[in-house]
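Let's take a friendly walk through a protein chain. Have the sequence and the 3D view ready, and follow along one stop at a time.

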Amino acid sequence: MTDSGRAPSAAGAAVGRRIGIGLMYGLWRPRVLGAWRVPSAGPVILAVNHSHGIDGPMLMGTAPRPVHFLIKKEAFVGPLDPFLRGIGQLKVDRDTADRKAITDALGVLADGGVLGIFPEGTRGEGDFASLRAGLAYFAVRSGAPVVPVAVLGGKDRHSRLSSAVPPLRSRVDVVFGDGFQAGDGSGRRTRKALDEATVRIQERLTAHLAEARRLTGR
């Protein structure tokens with residue numbers, strides 16, 4: 001449950017998707033490849049590389065289903081707090097084992113929803129070089145398939161408005177990969193099993209990113 005006592009809103013995430021579509025297609029030129037790889041129903045985890053400030057909204061506007069993202073608590077300030085909650089996004093404290101965020105995220109998956117995660121934790125090179133264990137835990141615990149997503153474009157150039165976003169009206173490629181199971185099929189959630197799942201995930205995400213770059217020429 002969220003701090004307000006309500007579960008993340010599926011209807012709110014659907015509204016967030018409509019907002020994302022309007023903003024992202026209005027301000028940039030997304031090119032979406034492989035969206036059909038996202039299961040049309042049932043729980044799924046989108047694992048997204050993170051190199052731009054617009055990666056989350058871009059996924060909200062280009063994914064074929066509404067997405068509930070785990071977003072750092074620092075973003076929930078002022079009027080953004082009720083807005084992000086209202087569109088079904090999940091606040092997470094990255095410095096602790098945030099039980100509320102864990103419960104909310106597992107609740108999204110248990111309800112057959114789409115959970116969006118930046119497995120690198122923070123915005124950086126966007127190359128999946130350093131993964132946190134949270135993604136493996138959610139994937140193994142829920143059994144939901146992981147769909148890798150690469151957001152590419154504009155990293156070599158920045159908007160004059162902000163260095164965190166690509167130039168306005170530039171092309172941004174969003175490439176969805178094949179879904180896979182992070183666990184080994186045993187259902188084990190030991191530290192060793194989660195470490196092995198993290199390695200498995202990193203290999204698949206890194207391979208997808210390389211293929212996405214090959215396909216798009218980025």
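## Before we start

This is a predicted model, in which local features need pLDDT of at least 70 and side-chain atom pairs count only at pLDDT 80 or more, while totals for chains, interfaces and linings use all residues. Residues are numbered from 1 along each chain as its sequence is written, and side-chain values use heavy atoms, with hydrogens and water left out.

## The whole chain

The chain has six helices and seven strands. Both are DSSP runs numbered from the N terminus: helices are H or I runs of at least four residues, and strands are E runs of at least two.

Of the 218 residues, 47% count as buried. Buried stands for under 20% relative accessible area, exposed for over 50%, and partly exposed for anything in between (1.4 Å probe, protein chains only). A contact is a case of heavy atoms within 4.5 Å. Among contacts between residues at least 6 apart in sequence, 75% join residues at least 24 apart.

## Rings that pair up

How many aromatic pairs does a search of the whole structure find? The search finds two. Rings of Phe, Tyr and Trp (its six-membered ring) pair if their centres lie within 6.5 Å; planes under 30 degrees apart count as stacked, over 60 as edge-to-face, and the rest as tilted. Phe-69 and Phe-118 form a stacked pair, with 5.1 Å from centre to centre and 15° between the planes. This pair links distant parts of the chain, since Phe-69 is in strand E3 (residues 68-72) and Phe-118 is in the loop between strand E5 (114-117) and helix H5 (134-142), 49 residues apart. Phe-69 is buried at 1% relative accessible area, and Phe-118 is buried at 14%.

Tyr-137 and Phe-138 form an edge-to-face pair, because their ring centres are 5.9 Å apart and their planes are at 70°. Tyr-137 is partly exposed at 25%, whereas Phe-138 is buried at 7%.

## A buried alanine

Look next at Ala-105, in helix H4 (residues 99-110). Buried or exposed? Ala-105 is buried, with a relative accessible area of 0%. Leaving aside neighbours within four places in sequence, Ala-105 is in contact with Leu-70, Leu-90, Leu-115 and Phe-138.

## Thr-216 in helix H6

Thr-216 belongs to helix H6 (residues 191-216) and is buried at 10% relative accessibility. Not counting residues up to four places away in sequence, Thr-216 touches Arg-31, Leu-33, Leu-152, Arg-171, Asp-173 and Val-175.

Val-15, Ile-19, Leu-23, Leu-27, Val-77, Leu-80, Phe-83 and Leu-168 make a nonpolar surface patch of about 620 Å². Such patches are made of residues with over 30% relative accessible area and no salt bridge, with nonpolar side chains (Val, Leu, Ile, Met, Phe, Trp, Tyr) joined within 5 Å and like charges within 9 Å. A salt bridge is a side-chain nitrogen of Lys or Arg within 4 Å of a carboxyl oxygen of Asp or Glu. Accessible areas come from the Shrake-Rupley method with a 1.4 Å probe, and for residues, only the protein chains shown count as cover.

Helix H1 (10-27) and helix H3 (80-86) are the elements that give two or more residues to the patch. The largest share, four residues, comes from H1. Leu-80 lies in helix H3 and is partly exposed at 41% relative accessibility.
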